[in-house]
Amino acid sequence: MISNYKYILLDVDGVVLSSINYYMNLFRDIAESLGASKNIPDEFYKKNIGVKFNTWMINIVSEVNHNNIKDLFFSKNRDAAINHHQFPIIEGTKEALLKIKENNQKSCFISSKTRESMNSVIKFYNLESVLDFSISGDEVKNFKPDPEGIIKALEYFKAKPDEAIFVGDSLHDLGAARNADVRFIGVLTGICTKSDWELEKVSYVPSVKEIYTL
């Protein structure tokens, strides 16, 4: 199936990097330090990974601390954002990107990461030669499930929606693909499980390295 598409768009956290547990724990740490209940389940934080954090965290932290959310996130996350050895690259990712290039297809990362963080990932894992383009959270006004990032990628490649497919790990990724009218493949290395994808009736693979097995 994926060989039929000219443009392969990929989320980063949970698809390229094994970073879901890090962000889940980071969000809990920030929220609780700003007054959120300690009884909020991990699944709540997990499902909000990839969503603009200050749009949902204001609902669980003390109102007096709303203005501190952004500064605390960047201060706690900065070291990890520029030292990506803390986030192992998911096995087979570079090989999948290489196969995309060998098939004369184009690849693009679409993530809520900052541009600094995105560039750090690409450089640290030596992906410059196998990745064609990337869009960070700094380059969009609206995060997934808004389709803005995907639409910008299509505009860059001068592509039609039916020429692209998006690989993601969350329902936010799926929503963005549907809102952009782009085909979607789910993976099991991030947020969603088999039952999540089956409930949504979408194709999925264990990880990005298996995308060509569909």
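**Note on the predicted model: sheet, helices and salt bridges**

1. Strand S4 (residues 164–168) and strand S5 (residues 183–187) run parallel and are joined by 4 bridges; two strands are taken to pair if DSSP finds at least two bridges between them. Within this pairing, Phe 166 stands opposite Phe 184 in S5. Strands (E, at least two residues) and helices (H or I, at least four) are DSSP runs, numbered from the N terminus.

2. The structure is a predicted model, in which local features need pLDDT of at least 70 and side-chain atom pairs count only at pLDDT 80 or more, while totals for chains, interfaces and linings use all residues. Residues are numbered from 1 along each chain as its sequence is written, and side-chain values use heavy atoms, with hydrogens and water left out.

3. The strands belong to an open sheet of 6 strands, which has the order S3-S2-S1-S4-S5-S6 and parallel pairing. Strand S3 (133–135) and strand S6 (204–205) each have a single partner strand and stand at the edges, so one side of each has no neighbour in the sheet.

4. Two helices that pack on this sheet deserve attention. Helix H5 (residues 93–102) touches strand S1 (7–10) and strand S2 (106–110), and its direction makes about 140 degrees with that of S2. Helix H7 (residues 148–157) touches S1, S2, S3 and S4, and its direction makes about 150 degrees with that of S2. Contact here means heavy atoms within 4.5 Å; the axes are lines fitted to C-alpha atoms, for helices over the stretch in contact, and the angles run from 0 to 180 degrees between N-to-C directions.

5. S2 is joined to S1 by 4 bridges and to S3 by 3 bridges, running parallel to S3. Lys 106 in S2 is the bridge partner of Tyr 7, and Ile 110 stands opposite Ile 135 in S3. Because 4 of its 5 residues are buried, S2 is largely enclosed by the rest of the structure; buried means under 20% relative accessible area, exposed over 50%, and partly exposed in between (1.4 Å probe, protein chains only).

6. Over the whole structure, a search finds 13 salt bridges, a salt bridge being a side-chain nitrogen of Lys or Arg within 4 Å of a carboxyl oxygen of Asp or Glu. One of them joins the side chains of Lys 113 and Asp 13 (3.2 Å, N to O). This pair links distant parts of the chain, 100 residues apart, with Lys 113 in the loop between S2 and helix H6 (115–124) and Asp 13 in the loop between S1 and helix H1 (20–33).

7. Asp 13 is itself buried, with a relative accessible area of 10%. Its side chain also makes a polar contact of 2.4 Å with that of Ser 19; such a contact is a pair of N or O atoms within 3.5 Å, where within protein one must be able to donate a hydrogen and the other to accept it, and residues adjacent in sequence count only if both atoms are side-chain atoms.

8. The side chains of Asp 132 and Lys 101 also meet in a salt bridge (3.2 Å, N to O), which links the loop between H6 and S3 to helix H5 across 31 residues. Asp 132 is partly exposed at 22% relative accessibility, and Lys 101 is partly exposed at 32%.

9. Finally, the side chains of Glu 32 and Lys 38 meet in a salt bridge (3.6 Å, N to O), and both residues belong to a network of salt bridges that links Arg 28, Glu 32, Lys 38 and Asp 42.
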